[in-house]
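Here is a short report on a protein fold. Look at the strands first, then the helices, then the rings.

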Amino acid sequence: MPHRTHRLVPGPAGRIHLVEQGSGPLVLLLHGFPESWYSWRHQLPVLAAAGYRAVAVDVRGYGRSSKPEAVAAYRMTELVEDNAAVVEALGERSAVVVGHDWGATIAAHSALLRPDVFHAVALLSVPYTPPGGPRPSEVFARLGGEEEFYVSYFQEPGRAEREIEPDVRGWLAGFYAALSADTMPMADAHPVPADPHFVAPGGRLRDRFPTDRLPAWLTEDDLDVYAGEFERTGLTGALNRYRAMDRDWKDLAAHAGAAIRQPSLFLGGTLDASTTWLSDAIDAFPTTLPGLRGAHLLDGCGHWIQQERPDEVGRHLTDWLGSVVAGR
């Protein structure tokens, strides 16, 4: 098995850090918030062993990739061009793109906007919702009643940073635990716990995080890797993706309602709010993802799907990739 190789390649905003393993057809892996290339540590060797060139990137604003200051630099169109630049820098013409969380949304729009480069797309945890509809900030502001939805909480520059950066490791541990199947507050508990996706008036997001345990998938060493990156870089680059959502709404207006027609795959967890809240988006897949070749909800799995269930995710990805590559 070839070793993982770290590389820096040029991108539109400077450098893009990536980790690659294996050779063969290119598979680009995109992480979500608040993670890094390391989120794909289990899948890199599996895909390499299956005959693919697996490449996990640090998305713009994370890890060793460049971190522009302007919020506008984190628009979806910019991130799509980063992915196309990686493919070109690696000497390839096309790739399969796979994403989790925000990475799933970036992967979907990479397939939508650059079908010449991305010939297949797999989405983990967050289903595809076509551009269009109401302005995102207005939608999120209506959620939660007197409480504030976490996406709205992230909008003001510096606000979430003031909560997170004094104790990055502790905040990350709580955030990961809040969305993991074995440590999340359960809706059927008595009394019903407060939802960690919302902030009480005058409160903090972390007030509702579990603080006494780590999820089974997260070792102390894993947590050190994630915390070390964000302690070095800060959180602004990562949070700016949320702050650019209204800009995306304008940029992508011409693509309102657009379907992604390339071969696709969706994997989600039955205990993940991203799949339960967006169940209508999953139901719409026959229209929005007409090239869908599989949709699997992993029973009892939370949000961090490729880390909570690495064996199942690896198996679904390699089975799907075999059909995608064979069918080209």
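Two strands count as paired if DSSP finds at least two bridges between them. Keep in mind that this is a predicted model.

**The sheet**

Eight strands form an open sheet with mixed pairing. Their order is β1-β2-β4-β3-β5-β6-β9-β10. The edge strands, β1 (5-11) and β10 (292-298), each pair on one side only. On average, neighbouring strands in this sheet are turned by 20° against each other, direction ignored. In general, strands of a sheet pair through backbone hydrogen bonds, either parallel or antiparallel.

**Strand β4 and its partners**

Val 27 has Ala 54 of β4 as its bridge partner. From β3 the chain crosses through α1 to β4, and this β-α-β crossover is right-handed.

Why is β4 described as largely enclosed by the rest of the structure? Five of its five residues are buried, so the strand is largely enclosed. Arg 53, Val 55 and Val 57 point one way from β4. Ala 54 and Ala 56 point the other way.

**Further along the sheet**

β6 (residues 118-124) and β9 (residues 264-269) run parallel, joined by four bridges. Leu 124 stands opposite Leu 267 in β9. Helix α3 (residues 102-113) packs on the sheet and touches β3, β5 and β6. The direction of α3 makes about 160° with that of β6. Helix α2 (residues 76-89) lies across several strands, including β1, and runs at about 115° to β1.

**The rings**

The count of aromatic pairs comes to 25. Two of them are shown here.

| Pair | Type | Centre to centre | Angle between planes |
|---|---|---|---|
| Phe 33 and Tyr 242 | edge-to-face | 5.3 Å | 90° |
| Tyr 153 and Phe 154 | tilted | 6.3 Å | 45° |

The pair of Phe 33 and Tyr 242 links distant parts of the chain, 209 residues apart. Phe 33 sits in the loop between β3 and α1, while Tyr 242 belongs to helix α9 (residues 236-243). Are Phe 33 and Tyr 242 buried or exposed? Both are buried.

Tyr 153 is buried too, with a relative accessible area of 4%. Phe 154 is buried, at 0%. Another ring has a charged neighbour: Arg 241 lies over the face of Trp 102, 4.6 Å from the ring centre.

Note on methods
Residues are numbered from 1 along each chain as its sequence is written. This is a predicted model: local features need pLDDT of at least 70, side-chain atom pairs count only at pLDDT 80 or more; totals for chains, interfaces and linings use all residues. Side-chain values use heavy atoms; hydrogens and water are left out. Rings of Phe, Tyr and Trp (its six-membered ring) pair if their centres lie within 6.5 Å; planes under 30 degrees apart count as stacked, over 60 as edge-to-face and the rest as tilted. Helices (H or I, at least four residues) and strands (E, at least two) are DSSP runs, numbered from the N terminus. Buried means under 20% relative accessible area, exposed over 50%, partly exposed in between (1.4 Å probe, protein chains only). A charge sits over a ring if NZ of Lys or CZ of Arg is within 6 Å of the ring centre and within 35 degrees of the ring normal. Axes are lines fitted to C-alpha atoms, for helices over the stretch in contact, and angles run from 0 to 180 degrees between N-to-C directions. Contact means heavy atoms within 4.5 Å. A crossover is right-handed if, with the strands pointing away from the viewer, the path from the first strand over the helix to the second runs clockwise.
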